[in-house]
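Have a look at the structure first, then read on.

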Amino acid sequence: MKAMAAVSRTFLFAGMALLCWATLGVRAEVVEGVAAIVDDEVILLSEVDGAANLLLQRVQAQQGGELPPDAIAQARSEALKQLIEARLIQKYAERVNLSVTPEEIDETIAGIAADEGITPEQIYAAAEQEGLAREDYRKELGNQLTQMKVMSGAVRGRIDVPEEEVKKL
């Protein structure tokens, strides 16, 4: 019986040593993670990385050449801030039933095109060159229009014009 226990312990220790030795060459890698939680919505690290990469591409296109060493950290921080703000505004817009229609997006694109003297297709092509597919561009524009509506409503709600001033006009 004692011999059996000794053999079991030996196998146990040998197994543990083998397990430790086998895991020495194994690396752990974060595949996905949570960057922030806004209300009940999760902002993933991949979303932050994607937004930061877009910011870095824009900065690099404007400045050309190498980016400063701290540019990546700044871009990630700014991207996270923008994603949090966008989610907060989106949640508020949902609560007050505020939305942007596809027609409003079309009108905005047509207005931008008219102001720039180009066609809507040229706008989409330029967005494509910046790394934004047509639907992603429309979604981003829709988010910006929603933000503008929310901000406009917030400002309008704080403006107090006395009746005397209205009568003067």
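## Starting point: Glu47

At 25% relative accessibility, Glu47 counts as partly exposed; that label covers what lies between buried (under 20% relative accessible area) and exposed (over 50%), with a 1.4 Å probe and protein chains only. Glu47 pairs up with Arg87 in a salt bridge, and their closest N and O atoms are 2.4 Å apart. Glu47 lies in helix α2 and Arg87 in helix α3, so this pair ties together parts that are 40 residues apart in sequence. A salt bridge here is a side-chain nitrogen of Lys or Arg within 4 Å of a carboxyl oxygen of Asp or Glu. Helices are DSSP runs of H or I with at least four residues, strands are runs of E with at least two, and both are numbered from the N terminus.

A word on provenance: this is a predicted model, where local features need pLDDT of at least 70 and side-chain atom pairs count only at pLDDT 80 or more, while totals for chains, interfaces and linings use all residues. Residues are numbered from 1 along each chain as its sequence is written, and side-chain values use heavy atoms, with hydrogens and water left out.

## The overall layout

The chain comes to seven helices and two strands, and along the sequence they follow the pattern α-β-β-α-α-α-α-α-α. Of the 169 residues in the chain, 19% are buried. Among contacts (heavy atoms within 4.5 Å) with a separation of 6 or more, 63% are between residues 24 or more positions apart.

The accessible surface of the chain is about 13000 Å², and carbon and sulfur atoms own 58% of that. These areas come from the Shrake-Rupley method with a 1.4 Å probe, and for residues only the protein chains shown count as cover.

## Helix α2 and its buried face

Helix α2 takes in residues 45–63, and its 19 residues should span 27 Å at 1.5 Å a residue; the end C-alpha atoms are 26 Å apart, which agrees. The expected span is 1.5 Å times one less than the number of residues. Which residues of α2 are buried? They are Val48, Ala51, Ala52, Leu55 and Leu56. Seen down the axis of α2, the buried residues fall within an arc of 140 degrees, so they line one face of the helix; the arc is that of the directions from the helix axis to the C-beta atoms.

Just after α2, Gly64 takes a positive phi of about 70 degrees.

Helix α3 has 25 residues and reaches 36 Å from its first C-alpha to its last, close to the 36 Å expected at 1.5 Å a residue. Its buried residues are Ala71, Ala75, Ala79, Leu83, Arg87, Ile89, Lys91 and Ala93. Arg87 is at 14% relative accessibility, and leaving out residues up to four places away in sequence, Arg87 touches Val38, Glu41, Val42, Ile43 and Glu47.

How many salt bridges does the structure hold? There are eight. One of them joins the side chains of Glu41 and Lys91 (3.5 Å, N to O). Glu41 lies in strand β2 and Lys91 in helix α3, so the pair ties together parts that are 50 residues apart in sequence. Glu41 is partly exposed at 27%, whereas Lys91 is buried at 11%. Asp40, Glu41 and Lys91 are linked in a network of salt bridges. Another bridge pairs Arg76 with Asp49, with the closest N and O atoms 2.0 Å apart.

## A surface patch and a buried arginine

Val34, Ile37 and Val42 form a nonpolar surface patch with about 260 Å² of accessible area together. Patches are made of residues with over 30% relative accessible area and no salt bridge, where like charges are joined within 9 Å and nonpolar side chains (Val, Leu, Ile, Met, Phe, Trp, Tyr) within 5 Å. Val42 lies in strand β2 and is partly exposed at 34% relative accessibility.

Arg138 lies in helix α6 (residues 134–158) and is buried, at 12% relative accessibility. Not counting residues up to four places away in sequence, Arg138 touches Pro102, Ile105, Asp106, Ile109 and Tyr124.
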